[in-house]
Protein chains: 2
Amino acid sequence: MLGTGRVGTTLAQAFARAGYEVVIGSRDPAALDEERRGQLGEVPVAALAEAVAGADVVVDALPGEHAVEVVSSLGDLLDGVVVLDVANPLDTSHGMPPTLLVKDTDSLAEQIQRACPRARVVKSLNTVNAAVMVDPGSVGDGDTTVFVAGDDPAARELVARLLTELGWRDVLDLGDLTAARGIEMWLPLWVRLMQTLGTTRFNLRIVR
Amino acid sequence: MLGTGRVGTTLAQAFARAGYEVVIGSRDPAALDEERRGQLGEVPVAALAEAVAGADVVVDALPGEHAVEVVSSLGDLLDGVVVLDVANPLDTSHGMPPTLLVKDTDSLAEQIQRACPRARVVKSLNTVNAAVMVDPGSVGDGDTTVFVAGDDPAARELVARLLTELGWRDVLDLGDLTAARGIEMWLPLWVRLMQTLGTTRFNLRIVR
């Protein structure tokens, strides 16, 4: 797990509960404060390269503005690895609402794929809040939609199985990684809905 | 009704069926072909200024790339008028999928509002196909979501009532017109869903 923020810790604990061996990668493990370590429970923290070494799946839960740089720094450690990119390319430097650092003709997921051409990048889960990612049944009657996109069909299938283990029942496969453009451009509407509804506990359902 | 394409004719007929007096505005009414005139049934076609004169509500169903120019050309005819903007700023000049002519820090709806500062612009309905706009009950069990956004609360309420008459039951008011940014940035995901699902007969439902 790349990322020690709320998304990274929430997902790390959920995958650990599901029976997976999870290691959280941090640029500076010693700098993690007590509160965050307490939230992690049994999940170990290691330096980035150590956490990633030997992993079948690496989750990018980094702040969007750092994701490409951090993933690039891992070099060939990600060769052949499924990289589940749950990050959003949000620019919060101008306050709320955030704008997007990349959009429309490109996406963060595609930038990561270009930075690590032999990784198998799959975009998913970025469309919901961390608490909903790991507890989709808490929204409505639990049949809201999550998307997957990536150039490697087997990697998309693997991620879809992981999502099912987190409780997702409507996993919609949108095909190759260019779909990440639309998936990431959902965020501005998500932010506005969050402000209007006064909660992060919501999601879309694609009714068809 | 500004726009003689499928969206304009579909909405014009639906509002006429609902009992409203509808006139379709065209830059060149005489140039409308027989097939399109046949589709319009009883709905009259007039020159743009003639169609708009005296209207309580003007619907922008123009191609996104022409909307600001056409609306601007109407000048003070739109003063105080509710302008329901259902257009999308799609750039199809590079083929499929389209990209967006404006996004993220601005929107087509805001461009129209700036071009006609005394109009009361409301963004809505651009998130679904024309057939779904006028028959929301045809998707799922009919409780999918449509958004409204605009700087004038009374104009948003008026549009919400019109949507209810078209059959919409979940009209979500997102507040001022900056919400149009997120609402318009839904389009790239809509296009991808259309390609994946093989139909335009779908919509999102905001589950909360």
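Student: In what order do the strands of the open sheet in chain B stand, and what is the sense of their pairing?
Tutor: The order in chain B is S3-S4-S7-S8-S9, 5 strands in an open sheet, and the pairing is mixed. Strand S3 (57–60) and strand S9 (170–173) of chain B are the edge strands, each with a single partner strand, so one side of each has no neighbour in the sheet. On average, neighbouring strands of this sheet are turned by 25 degrees against each other, direction ignored.

Student: Before we go on, what are we looking at?
Tutor: This is a predicted model, in which local features need pLDDT of at least 70 and side-chain atom pairs count only at pLDDT 80 or more, while totals for chains, interfaces and linings use all residues. Residues are numbered from 1 along each chain as its sequence is written, and chains are lettered from A and ligands numbered from 1 in the order in which they are written.

Student: What makes a stretch a helix or a strand here?
Tutor: Both are DSSP runs, numbered from the N terminus: a helix is H or I over at least four residues, and a strand is E over at least two.

Student: How do you know that strand S7 and strand S8 of chain B pair?
Tutor: Two strands pair if DSSP finds at least two bridges between them. Strand S7 (residues 120–124) and strand S8 (residues 145–150) of chain B have 3 bridges, in the antiparallel sense, so they qualify as a pair.

Student: In which sense do strand S4 and strand S7 of chain A pair?
Tutor: Strand S4 (residues 82–85) and strand S7 (residues 120–124) of chain A pair in the parallel sense over 4 bridges. Here A:Val82 stands opposite A:Arg120 in S7(A).

Student: Now the helices. Why are H4(A) and H5(A) called roughly parallel?
Tutor: Start with the axes, lines fitted to C-alpha atoms, for helices over the stretch in contact, with angles from 0 to 180 degrees between N-to-C directions. Those of helix H4 (residues 64–73) and helix H5 (residues 108–115) of chain A come within 9 Å and cross at roughly 15 degrees. Angles under 35 degrees count as roughly parallel, over 145 as roughly antiparallel, 65 to 115 as roughly perpendicular and the rest as oblique. H4(A) and H5(A) are therefore roughly parallel to each other.

Student: What is the handedness of the crossing of H4(A) and H5(A)?
Tutor: The crossing is right-handed. That is the word if the near helix is turned clockwise from the far one by less than a right angle, and left-handed is the word if anticlockwise.

Student: Which residues of H4(A) and H5(A) meet?
Tutor: A:Gly64, A:Ala67, A:Val68, A:Val71 and A:Ser72 in H4(A) meet A:Leu108, A:Gln111, A:Ile112 and A:Ala115 in H5(A). By class, this contact has 6 nonpolar, 3 polar and no charged residues. Being in contact means that the C-beta atoms, placed from the backbone, lie within 7 Å. As for the classes, Ala, Val, Leu, Ile, Met, Phe, Trp, Tyr, Cys and Pro count as nonpolar, Asp, Glu, Lys and Arg as charged, and the others, Gly among them, as polar.

Student: How do you know how chain A and chain B are related?
Tutor: Copies are superposed by least squares on the C-alpha atoms of residues with pLDDT of at least 70 in both. A rotation of 180 degrees with 0.0 Å of shift along its axis places chain A on chain B, with RMSD 0.0 Å. The two copies are thus related as by a two-fold rotation axis. Both copies use the same surface, since 100% of the contact residues of chain A recur in chain B. Of the residues of chain A, A:Arg205 comes closest to the rotation axis, at 2.5 Å (C-alpha).

Methods:
Contact = placed C-beta atoms within 7 Å.
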